[in-house]
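Student: Could you take me slowly through one part of this model, and then show me how another part compares in the way it is described?

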Amino acid sequence: MNKGLLIVISGFSGAGKSVITKKLLREYEHYAYSVSATTRNPRAGEVDGKDYFFITKEEFERKIENGELLEHNNYVGNYYGTLKSYVEDKLAEGKDVILEIDVNGGRQVKASYPDTISIFVTAPNASEQSQRLRGRGTESEDVIRARLTKVIDEIPTALTYDYIVVNDDLEKTTERINRIIQDQHLRSCNQKAFLEEFEKDIKTILDK
């Protein structure tokens, strides 16, 4: 069995990356979602190990020092991060592991795991990007303008991703991203286990 692939999915706020990630996990059994660790308290209904791994600040900082995190950040006084052990266990099971994280986290993961497949999701155009943010109806105009300004700031980093995918249709975009990921399995560097098994079987035939 070949080892799974590590995938980072990032995107502009409102581009649809969360919906796409959930759809990939729901429709294709070969994916696994990377459950993040956090130091914040669980919210009502959240389950440890499913929604997040809830750990103390001291334990989180110890993991940082020991290099046990693929990426981490501090948001509003709480740590969030990706546990190496959890990701590596899923990869060993042959699962393609999806990390839905921001560009800063994506940069950290790519630095540690250069073979990571990085995919950046964007709306079809600036007008649609603005409309999607406003369509939520949950944020003030000041917040929306701040998010649009952040889009400008994120463009240089987006250009460092392996793929930029325009989310113009949810069904087609999900299929497109799945195809991108699965095509990576055909690369020679990801076929080592298959060829080693092939070689072993040929030797067995020759020894008969």
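**A loop residue and a helix**

Tutor: Val 76 lies in the loop between strand E5 (69-75) and strand E6 (78-83), where strands (E, at least two residues) and helices (H or I, at least four) are DSSP runs numbered from the N terminus. This is a predicted model, in which local features need pLDDT of at least 70 and side-chain atom pairs count only at pLDDT 80 or more, while totals for chains, interfaces and linings use all residues. Residues are numbered from 1 along each chain as its sequence is written, and side-chain values use heavy atoms, with hydrogens and water left out.

Although Val 76 is not a glycine, it has a positive phi of about 50°. Most residues other than glycine have a negative phi. Val 76 also counts as exposed, at 67% relative accessibility (exposed is over 50% relative accessible area, buried under 20%, partly exposed in between, with a 1.4 Å probe and protein chains only).

Turning to helix H7 (residues 170-184), we find 15 residues that reach 22 Å from the first C-alpha to the last, close to the 21 Å expected at 1.5 Å a residue (1.5 Å times one less than the number of residues). In H7, the buried residues are Thr 173, Thr 174, Ile 177, Asn 178, Ile 180, Ile 181 and Gln 184. These residues lie on the same side of H7, because they cover an arc of only 155° around the axis (taken from the directions from the axis to the C-beta atoms). The buried residues of H7 pack against several elements, including strand E1 (6-11), helix H1 (17-27) and strand E8 (117-122), with contact meaning heavy atoms within 4.5 Å.
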